[in-house]
Amino acid sequence: MGKPPNLYTFPDTDELAKSLRAFVIDAQNAALERHNKFRVGVSGGSLPKTLAKALLANPSGDDDKVNFPKWHIFFADERAVPLDHEDSNYRLVKEELLDKIPEEMGKPEVYPIDTKYMDDIQEMADQYEQTLVKSFAARDSVKIPMFDLLLLGCGPDGHTCSLFPESPLLRETEAWVLPIENSPKPPPKRITLSLPVACHGIKIGFVATGAGKKEILRKIFDTEEGHSLPCGLINTSAQERVSWFTDFAAVEGVQFPSRRGSL
Ligand SMILES: O=C1O[C@H](COP(=O)(O)O)[C@@H](O)[C@H](O)[C@H]1O
């Protein structure tokens, strides 16, 4: 049995962002040594804002540089809406982060969904899987793509990516990207990384902040039932490869050993 996930907690998002930055840069530098590129899967929701705070801060030294030109940014989940729609995760990441990257830092390669498949969500998922196949090598030589880093959110019901509690999608073992026709949270049509892909990241960082997350974090970390929620399933499967970045408000009352402050 491996070690449990890491649960870090900070007084506020400014402090959280400093530690998240160190975590991301460690993952980036390890990936650049491994294969000279950094493949990251990002979520929408509240994450892009905190991520931007982490990445756009001034570097404290040579080891603390964000090397955006080596970044390949994929979406952990996406809503089947135009890329400039208010529900689009791409739009969120673009407005919160991509548009704010200073010219001199260089630009990452970004892989949005192909919106021409909006009326055929299965086709949209298949096409996004092909996007991953092109980046992660042939489908038959790689069983499950291994992101260098997955940056995920946690919904108040314990969902992550667009994997919702008790969804039959949680039983998928083959596909890398899945369609959803009837998401319990609007908009209904989405695509998402499958659970095996979400569990397979070399590093997985969850970001959960605010008092609105405390009930679900208590459930995920302190109850048996929480282990079968999507976030709990990733905790159980990926163990110490998972790190949670939370603020004090989000972990109020959580018993699971949590480490205050830095990594
Ligand atoms: O619907 C979604 O929700 C989750 C969680 O969002 P949050 O605002 O509670 O952080 C998000 O991670 C996912 O990408 C998004 O599509």
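Which helix lies across E7 and E8, and at about what angle to E7 does this helix run? In the predicted model examined here, the element in question is helix H4, residues 121–136, which lies across both strands and runs at about 160° to E7. The two strands belong to an open sheet of 3 strands, arranged in the order E4-E8-E7 with antiparallel pairing. Because strand E4 (77–79) and strand E7 (177–180) each have a single partner strand, they stand at the edges, and one side of each is left without a neighbour in the sheet. On average, neighbouring strands of this sheet are turned by 15° against each other, direction ignored. E7 and strand E8 (residues 190–193) run antiparallel and are joined by 4 bridges, with Leu-178 standing opposite Thr-192 in E8.

The loop between E7 and E8 contains Pro-187, and the peptide bond leading from Pro-186 to Pro-187 is cis, with omega near -5°. Most peptide bonds, by contrast, are trans, and most residues other than glycine have a negative phi. A positive phi of about 55° is found at Asn-36, which is not a glycine and which lies in the loop between helix H1 (13–35) and strand E2 (38–42). Cys-161, in the loop between strand E6 (149–152) and E7, likewise has a positive phi, near 50°. Asn-36 is exposed, with 8 other C-beta atoms within 10 Å, whereas Cys-161 is buried, with 31 other C-beta atoms within 10 Å.

The residues around the ligand include Asp-77, Asn-89, Thr-160, Ser-162 and Lys-185. The shell around the ligand divides into 1 nonpolar, 9 polar and 2 charged residues.

Technical notes:
Residues numbered from 1 in each chain as written. Predicted model: local features only at pLDDT ≥ 70, side-chain atom pairs only at ≥ 80, totals over all residues. Pairing = 2+ DSSP bridges. Axes fitted to C-alpha atoms, helices over the stretch in contact; angles between N-to-C directions. Contact = placed C-beta atoms within 7 Å. Near = placed C-beta within 6 Å. Nonpolar A, V, L, I, M, F, W, Y, C, P; charged D, E, K, R; others polar. Buried ≥ 20, exposed ≤ 12 C-beta atoms within 10 Å, placed from the backbone.
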